[in-house]
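Thank you for making time for this one.

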Amino acid sequence: MGLIRAVMNTVFWKERQKRKPLGPRWPLLLFHVDTGGCGGCGMELQAMTCLPYDMQGAGFGFVNSPRSADVLLVTGALTRTMAPVLQAAWEAMPNPKGIISIGNCALDGGVFSENYAVMGGLERRVSVDLAITGCPPSPQEILNGLCSLLGSAAQGGKKEIPSGG
């Protein structure tokens, strides 16, 4: 059993060292809000918690309350029903805080055009710290975007991570 554990630690430790963020606060705590849409981006976020992605090993973790979150992850087009929920989650977060849009719908509305029920994306409504595009972006693209966030924070700019597919 000890030999198997040593081999697994050696194999997975290399990947963890490559992706470990070097920010002032580690791990970076994420709170997810799905504001509407198909749910594809939410499923990709859940896939990040399993192997081979190991988001916790890379220095990220989900929390159940915005009061203990560092970053707000938004998926789906912004619906009028969810706008107050998103606002309440943002106000409940402690400073410093950030907002990340995951997927095309969260950024610009995607296939959901503005109408009586849908407000579109976050792009024209709030300042987004990181935009990870795709429909939906893969778990690896999301994890790469999250890891790049700490590098862009030092530069002070908004970053957009295009999807590979």
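This is a predicted model: local features need pLDDT of at least 70, side-chain atom pairs count only at pLDDT 80 or more; totals for chains, interfaces and linings use all residues.

**Starting from strand 5**

Let us begin with strand 5, from which Gly-98, Ile-100 and Ile-102 point one way while Ile-99 and Ser-101 point the other way, and all of these residues are buried. Counted as a whole, strand 5 is mostly covered, with 5 of its 5 residues buried, and for the protein of 165 residues the buried share is 42%.

Which strands pair with strand 5? Strand 3 pairs with strand 5 in the parallel sense over 5 bridges, and there Val-71 stands opposite Gly-98 of strand 5. Strand 7 also pairs with strand 5 in the parallel sense, in this case over 3 bridges, with Ile-102 standing opposite Ile-132 of strand 7.

To place these elements in the chain, the protein has 6 helices and 8 strands, and from the N terminus on they run α-β-α-α-β-β-β-α-β-α-β-β-α-β. Among contacts between residues at least 6 apart in sequence, 76% join residues at least 24 apart.

Now to the nonpolar cores. The largest nonpolar core has 18 residues, and those with the most contacts inside it are Phe-60, Leu-73, Ile-100 and Leu-146. At least two residues of this core come from each of strand 1 (28–34), helix 2, helix 3 (55–58), strand 3 (71–75), strand 5 (98–102), strand 7 (130–132) and helix 6 (139–155). Which element gives the most to this core? That is helix 6, with 4 residues.

If we take Leu-73 and leave aside its neighbours within four places in sequence, Leu-73 is in contact with Leu-30, Phe-31, His-32, Val-33, Leu-45, Phe-62, Ile-100, Ile-102 and Leu-146. There is also a second, separate core of 16 residues, which includes Val-63, Leu-78, Leu-86 and Val-128.

From the cores I turn to the spaces. Rolling a probe the size of a water molecule over the atoms shows where empty space is left. The second largest pocket holds about 190 Å³ of space, and its lining consists of Leu-78, Ala-83, Leu-86, Gln-87, Trp-90, Ile-99, Leu-122, Arg-125, Val-126 and Ser-127.

Finally, the structure holds 2 cavities of 30 Å³ or more, and about 120 Å³ of space lies in the largest cavity. Which residues are closest to its centre? Of the 18 residues that line the largest cavity, they are Cys-38, Gly-40, Cys-41, Gly-76 and Cys-105. Helix 2 (40–47) and helix 5 (104–108) each supply at least two residues of this lining, and by class the lining of the largest cavity has 7 nonpolar, 10 polar and 1 charged residues.

That is where I will stop, and I am glad to take comments.

How values were computed:
Residues are numbered from 1 along each chain as its sequence is written. Side-chain values use heavy atoms; hydrogens and water are left out. On a 1 Å grid over the protein atoms alone, a cavity is a set of points where a 1.4 Å probe fits but cannot get out, and a pocket is an open set with protein on both sides within 12 Å along at least five of seven lines; lining residues have an atom within 4 Å of a point. Grid points are joined across faces, edges and corners, and a volume is the space filled by probe spheres set on the points. Ala, Val, Leu, Ile, Met, Phe, Trp, Tyr, Cys and Pro count as nonpolar, Asp, Glu, Lys and Arg as charged, and the others, Gly among them, as polar. A nonpolar core is a set of buried Ala, Val, Leu, Ile, Met, Phe, Trp, Tyr and Cys residues joined through side-chain atoms within 4.5 Å. Buried means under 20% relative accessible area, exposed over 50%, partly exposed in between (1.4 Å probe, protein chains only). Contact means heavy atoms within 4.5 Å. Two strands pair if DSSP finds at least two bridges between them.
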